[in-house]
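Hi,

Here is the structure I promised to send over. Have a look at it first, and then read on for what turned up when I went through its charged side chains.

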Amino acid sequence: MVSASVTVPSGAAALRGDLEIPVGARGVVLFAHGSGSSRLSPRNRAVAGVLRRAGFGTLLLDLLTAAEEDEDEATGRHRFDIGLLAGRLAHAVDWLEDRTDAVGLFGASTGAGAALVAATERPRRVSAVVSRGGRPDLAGDALPLVACPVLLVVGGADTQVLDLNREAARRLSAPHRLDVVPGATHLFGEPGALEGVAELAAGWFTEHLG
């Protein structure tokens, strides 16, 4: 079992991450957090735990530096820069090349848009994408270019985001599925909702990763 705090280079930035790879892992899932979140997100950490029990490694990564996070407290400029976030995810995929043969991306909120763009930038390395309450619409013109299988998971009570996911799904040409968790809101805080997301993600990566 590999378990380490790591630093992933991306241009001039050094990104903090937590890497855990069980013995015999069939691949590594790289997490792309949503706006205002970080690698310490309790929701993504809960999902990561389920994925590790299913036999996958996980890399929870801060896509912004500490200085950028401080700046964003006032401006919010970086956290919605999908091109910047996607580029950093692509660099993290490159960094994982010597550590695993298969990479999946798990994106939450705005991180889902960045994950889908990153998948188009590394089409031979990214095997599958899962979006949790995500904004795949933020991938824009990259949506039809995504080649790997995509799972979109949205809460049934998160009506605005559900509409955005339905529209994004229509623009995807890759194999994809939209799963709605009945009664769940944006953060899947209802009893059993987040656990349901984690099981759906584990099933998707089991089918398509490694």
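Let me begin with Arg45, which forms a salt bridge with Asp18, their closest N and O atoms being 2.4 Å apart. Arg45 sits in helix α1 (residues 42–53) and Asp18 in strand β2 (residues 13–21), so this pair ties together parts that are 27 residues apart in sequence. Arg45 is partly exposed, at 30% relative accessible area, while Asp18 counts as buried at 15%. Please keep in mind that this is a predicted model.

A second pair is Arg39 with Asp62, where the closest N and O atoms are 2.5 Å apart. Here both partners come from loops: Arg39 from the one between β3 (28–32) and α1, Asp62 from the one between β4 (57–61) and α2 (66–74), so the bridge links parts that are 23 residues apart in sequence. Arg39 is buried, with a relative accessible area of 17%, and Asp62 is buried too, at 2%.

The next pair lies within one helix. Glu167 and Arg170 form a salt bridge with closest N and O atoms 2.8 Å apart. They are three residues apart in helix α5 (residues 159–171), which means about one helical turn separates them. Glu167 is partly exposed at 40% relative accessibility, and Arg170 is exposed at 61%.

As for how the pairs connect, salt bridges with shared partners join Arg16, Asp18, Arg39, Arg45 and Asp62 into one network. Searching the whole structure gives twelve salt bridges, including those described above.

Best wishes

Methods:
Residues numbered from 1 in each chain as written. Predicted model: local features only at pLDDT ≥ 70, side-chain atom pairs only at ≥ 80, totals over all residues. Heavy atoms only, no water. Salt bridge = Lys/Arg side-chain N within 4 Å of Asp/Glu carboxyl O. Helix = DSSP H or I, 4+ residues; strand = E, 2+ residues; numbered from the N terminus. Buried < 20%, exposed > 50% of the residue type's maximum accessible area, 1.4 Å probe, protein only.
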